[in-house]
Amino acid sequence: MKNFENKKVAISGGGSGIGKSLIAELYKAGTRDFAVIGRSADKLEALKNEFPEARFILFSGDVSKPQDLKEFTKEIENKWKALDLLINNAGIVSAGPIGEISDEDIISQVNTNVTGLILLTKYALPLLKESKEAAILNVSSNLALIGLPFYAPYAATKGAVKVFSEALRRELKDFPIQVATLYPTGTDTPMMTSSQSQGLHSSEMVAQKAIEGLKNNDIDITLGDAENIKLNRENPVEFDKKAASMYDAMKKRTENHRSM
Ligand SMILES: NC(=O)c1ccc[n+]([C@@H]2O[C@H](COP(=O)([O-])OP(=O)(O)OC[C@H]3O[C@@H](n4cnc5c(N)ncnc54)[C@H](OP(=O)(O)O)[C@@H]3O)[C@@H](O)[C@H]2O)c1
């Protein structure tokens, strides 16, 4: 996507964190039309004050509920007829030893991070096909590139996003629809408040990299340490040793990490 002026953007979870920073970055680049879905109406309403020149479709809904996604995309269709950029950003996390994560938290992570993302893409696709220059940005995680202990269900959902993006990109080869995946690593957002992680990236920086990546037509926009990603890909058994050395610290810092 070469420029962002006059583009119509739909984003899930745009009321906080990386999603809100993506709206800010696009706003700076000239985007004015945003359709945003999130569960908290207050967070969505606050966007109007922060971005006074933007025209918003604000939809209070849950991406894990297919009916909400159908209504959200129907509203976009009624108002805009077409869509240029879909950002699948909404996500939740519940960390800890696998046996201690509730069944409900495991099911919700899959429904929100994977099923919701796939269904929103499915419902938005006919609208993206109406655009001359469209893009889909799926927010995965560094944990899709390096699975770490105590994040097994979350990492699984983000791995699913990675392969969904890859398959979809190949499926859409005959359409002018770019498919990119963002892999943030620890980023200072409400999602991380309950984790004890240090040295977090700012969501502004992550959003800048994401928009730069879209401009460059990048397939994968990675924020994690390139050396570790390479080591894990090429020699996962060697990376097991690194993961083992981090085990106790990871256990401690994930013991209360839950953002649902
Ligand atoms: N922060 C990190 O370190 C990090 C690292 C890698 C990847 N990520 C990914 O980045 C994305 C954004 O997360 P963030 O860090 O910016 O956290 P965040 O501030 O908690 O943002 C998540 C957003 O998703 C929305 N959301 C959650 N569940 C939803 C649902 N069922 N339906 C609709 N909206 C929902 C939330 O709004 P409501 O609560 O109002 O619904 C919130 O605005 C997520 O996909 C996350 O997995 C984050």
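A: What follows starts with the sheet, moves to a loop beside it, and ends with the ligand and a few other loops.

This is a predicted model, so local features need pLDDT of at least 70 and side-chain atom pairs count only at pLDDT 80 or more, while totals for chains, interfaces and linings use all residues. Residues are numbered from 1 along each chain as its sequence is written, and side-chain values use heavy atoms, with hydrogens and water left out.

Begin with the sheet. It is open and has 7 strands, in the order β3-β2-β1-β4-β6-β7-β8, with parallel pairing. Strands (E, at least two residues) and helices (H or I, at least four) are DSSP runs, numbered from the N terminus. Two strands pair if DSSP finds at least two bridges between them. β3 (55-60) and β8 (220-222) stand at the edges. Each has a single partner strand, so one side of each lacks a neighbour in the sheet. From one strand to the next, the twist averages 15°.

Now look at β4. Residues 85-88 form this strand, and 4 bridges join it in parallel to β6. Within that pairing, Leu85 has Ala135 of β6 as its bridge partner. α4 packs on the sheet and touches β1 (8-12), β4, β6 and β7 (177-183). Contact here means heavy atoms within 4.5 Å. The direction of α4 makes about 180° with that of β4. Axes are lines fitted to C-alpha atoms, for helices over the stretch in contact, and angles between N-to-C directions run from 0 to 180 degrees.

Next comes Ser131. It lies in the loop between α4 (103-128) and β6 (134-139). Its relative accessible area is 7%, so Ser131 is buried. The cut-offs are under 20% for buried and over 50% for exposed, with partly exposed in between (1.4 Å probe, protein chains only). The Ser131 side chain makes a polar contact with that of Asp84, at 2.7 Å. Such a contact is a pair of N or O atoms within 3.5 Å; within protein, one must be able to donate a hydrogen and the other to accept it, and residues adjacent in sequence count only if both atoms are side-chain atoms. Not counting residues up to four places away in sequence, Ser131 touches Leu83, Asp84 and Pro176.

Ile101 counts as buried because its relative accessibility is 6%. Leaving aside neighbours within four places in sequence, its contacts include Ser94, Ile106 and Pro153.

Turn to the ligand. 30 residues surround it, and the closest are Ile18, Asn89, Tyr154, Thr187 and Thr189. A residue is near a molecule if one of its heavy atoms lies within 4 Å of it. Taken alone, the ligand exposes 870 Å², and the protein buries 95% of that. These areas come from the Shrake-Rupley method with a 1.4 Å probe; for residues, only the protein chains shown count as cover. α1 (17-28) and α5 (152-171) are the elements that give two or more residues to the shell around the ligand.

Two other loops deserve a look. Most residues other than glycine have a negative phi. Lys81, in the loop between α3 (66-80) and β4, has a positive phi of about 70°. Asn217, in the loop between α6 (203-215) and β8, has a positive phi of about 65°. Lys81 is exposed at 56% relative accessible area, and Asn217 is exposed at 53%.
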